[in-house]
Amino acid sequence: MRRNKKSRKILRGTCSVLILIWTLFPVYWMISLSIRDDAELISSLSLFPGSFTVKHFAQLFVRNNFLMAIINSLYITFTSLAFALILGLICSYILARARFKYKLKGPVLFWVLLVRVIPPIAFALPLYIMMNKFSLLNTKIPVILAHILVNIPFIIWYMLSFFSGLPEEVEESAEIDGASDMQLFARIVIPLVMPGITAVAILSFMTSWNEYLYGVIFVQSPSNFTIPLSLSTLNSEQELAQWGSIAAGGIISLVPIALFAIFAQIFLIQGLSSGAVKE
Amino acid sequence: MDAINSVKGAFESENNCIIEVLGLEASDLKQKISLDSQNKVGAYDLAMADDPWMPELYEAGLFANLTELGYTPDPDFVEESLAIGMHPYSNGDIYTLPFAGNVQLFFYNQKIFDDNNFSIPDSWEGVLEIAKAVHGKDGKVGYVIRGQQGNPIVSDYLPILWAYGGNVFDENWNVIVDSNEAKEALELYIELLENGANYEKNDIVAAVSDGKAAMSLGWPSWYISGETATAAYAPIPGKATDSGKKYATGMIGNWMMGVTTNSANKELAMKFLIYVTSAEAQKTAAEFGGVPTRVSVFTDSELNKKYPYFTAILEGTENSVIRPRTPLRTDIETAYGAELSSAISGTKSIDQALADAKAAIEAIMNK
């Protein structure tokens, strides 16, 4: 019995280590590529770097205007995330709670899901024509709107189970106590589903941060390049891939995601523990 | 992009304008300029395009007619490069000018050749002999093919097909990819693979320049070597066997630049186009990885000292072959590439793969 427990522990430990290596190795490999010099990058690569340089990081900022791409990515991601969260949470709550005439709830939910599952390229061309008609193509607005479009259905569906799972009695008590609809939603409902909001915010942030297709179609000027667009220009069919710079850009682009996830985790943990203790 | 950025400053100050350069990956570029061509006023005054896209883009009316705008052909451009800018090909009006003189070349490791006293082969039989002699010795690879489906394998195989006297279409646009010449060429291609390896472009450059592989085919824009280069370029062998007939085999792949039809600044755009493709600009751009398209730049003695492979590019361009001029090229390449890939992986026999390729290309042409 004790031996059984021990061997299960060893198995669990081994699996954890393997999963950890599997997960962290790409990050290690990216860091390791970003600090090797060009000569090493075009010869056979060993597991550990044989040279050290920060040239690729410097080149990104000096030659590729990467700082501008970072600023653009942050601006587009946070703006689209804010709008998507506000609109998505409101829609999701309405869909979870409101009674619809003519059994429209199912079709509406299916319609929302369709926006998410239809290939993005299907929206790209009609949106391009629309944005062009409104003369918006030279701005960041088309990309922001496209990111909102991608994230809203995801937020609605993700949050639907959180809102549906809330006991209606809590909301009824607040209403009896005189809370308006807005107060009820903002002060009672939202804090109760904070773990869900945090998780969906992290996932939507990542979708927007890494989005490429709408960016490449809508962006007309290098001054509006996002990080994925900027990195894509370093690997073209006509020239050799600049692996060092691509890896350096990948490492830099990881930082905001990691910081956002760490920051959001605070809300995740707070939300999970709230209501756990009866006061 | 570095090449354009290196020369645009002088034009900007002289003409009191700002030139914004949007650098994109090739497929994104094609998608973007095609989309923009639908707009009344385009976002771009000038656009670059790869030579095989030209029939499609010319037919779509993407580029303004430079001849109608008053441009007269400059004889300093390599004739074969300038011909790509004409629509119809080689004898029509000029729509685009050659910006980057890419042409496919024989790419080899100088040290391996020197150490073994090999001379540059002028036939594919000779290439195979060297590959056999090198392959496996000290872990070296004889010949590297670029056998990934689609454009890579088609671009890599066509020069061999041409050296055997074969082609994709005959002069009446009949599909002849299953000819005896094609079968022999594919047999040799597979034999080269047996005495080598199948890598993608970055690994090809790494292997050949590092001395791990002896030979391959490559494009000058992949590997801009200096005086200390370990790898070198030469024109692609034009004969199947030493005693065989010599054919033109260098696949031309120039990057062209033209004024967009919906440009709001056509005159200034054409002025910049003429400037950026001038000999003076090309000499400056060469220092930043630019590949010239003018005879006077290729033969410039100072540049030749620094870039000795310029002679090979010029020779390769003058003896180059143009890919089939059809707007359906992309579909053809995809279908052809899939069948060639099946043959080299052994999924299909050579006969079967080429027969299937013929059927697929005919179906595309008859659409």
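The model is predicted, so local features are given only at pLDDT of at least 70 and side-chain atom pairs count only at pLDDT 80 or more, whereas totals for chains, interfaces and linings use all residues. Residues are numbered from 1 along each chain as its sequence is written, chains are lettered from A in the order in which they are written, and side-chain values use heavy atoms, with hydrogens and water left out.

**Cavities**

- A cavity is a set of points, on a 1 Å grid over the protein atoms alone, where a 1.4 Å probe fits but cannot get out, and its lining residues have an atom within 4 Å of a point; grid points are joined across faces, edges and corners, and a volume is the space filled by probe spheres set on the points.
- The lining of the largest cavity belongs to chain B and includes Val154(B), Leu158(B), Phe169(B), Arg323(B), Glu333(B) and Tyr336(B).
- Helices (H or I, at least four residues) and strands (E, at least two) are DSSP runs numbered from the N terminus; α7 (151-163) and α15 (329-345) of chain B each supply at least two residues of this lining, and α15(B) gives the most, with four residues.
- Counting Ala, Val, Leu, Ile, Met, Phe, Trp, Tyr, Cys and Pro as nonpolar, Asp, Glu, Lys and Arg as charged, and the others, Gly among them, as polar, the lining of the largest cavity divides into seven nonpolar, one polar and three charged residues.
- The second largest cavity, with a volume of about 30 Å³, is lined by Ser73(A), Ile76(A), Thr77(A), His147(A), Ser208(A), Trp209(A) and Thr226(A).
- In the second largest cavity, the largest share of the lining, three residues, comes from α4(A), and the lining divides into two nonpolar, five polar and no charged residues.

**Overall form of chain A**

- Chain A has 13 helices and zero strands, and its C-alpha trace spans about 75 × 70 × 30 Å along the principal axes.
- The radius of gyration of chain A, taken over C-alpha atoms, is 24 Å, while a compact globule of 279 residues would have a value near 19 Å by the rule of 2.2 Å times the number of residues to the power 0.38.

**Local backbone features**

- Most residues other than glycine have a negative phi, and most peptide bonds are trans.
- Asn65(A), in the loop between α3 (55-62) and α4 of chain A, has a positive phi near 50° and is partly exposed at a relative accessible area of 45%.
- Asn117(B), in the loop between α5 (110-115) and α6 (124-134) of chain B, likewise has a positive phi, of about 55°, and is exposed at 71% relative accessible area.
- A cis peptide bond, with omega of about -5°, joins His87(B) and Pro88(B), and Pro88(B) lies in the loop between β2 (86-87) and β3 (93-94) of chain B.

Note on methods
1 Å grid on protein atoms, 1.4 Å probe; cavity = no way out; pocket = protein on both sides within 12 Å on 5 of 7 lines; lining within 4 Å. Buried < 20%, exposed > 50% of the residue type's maximum accessible area, 1.4 Å probe, protein only.
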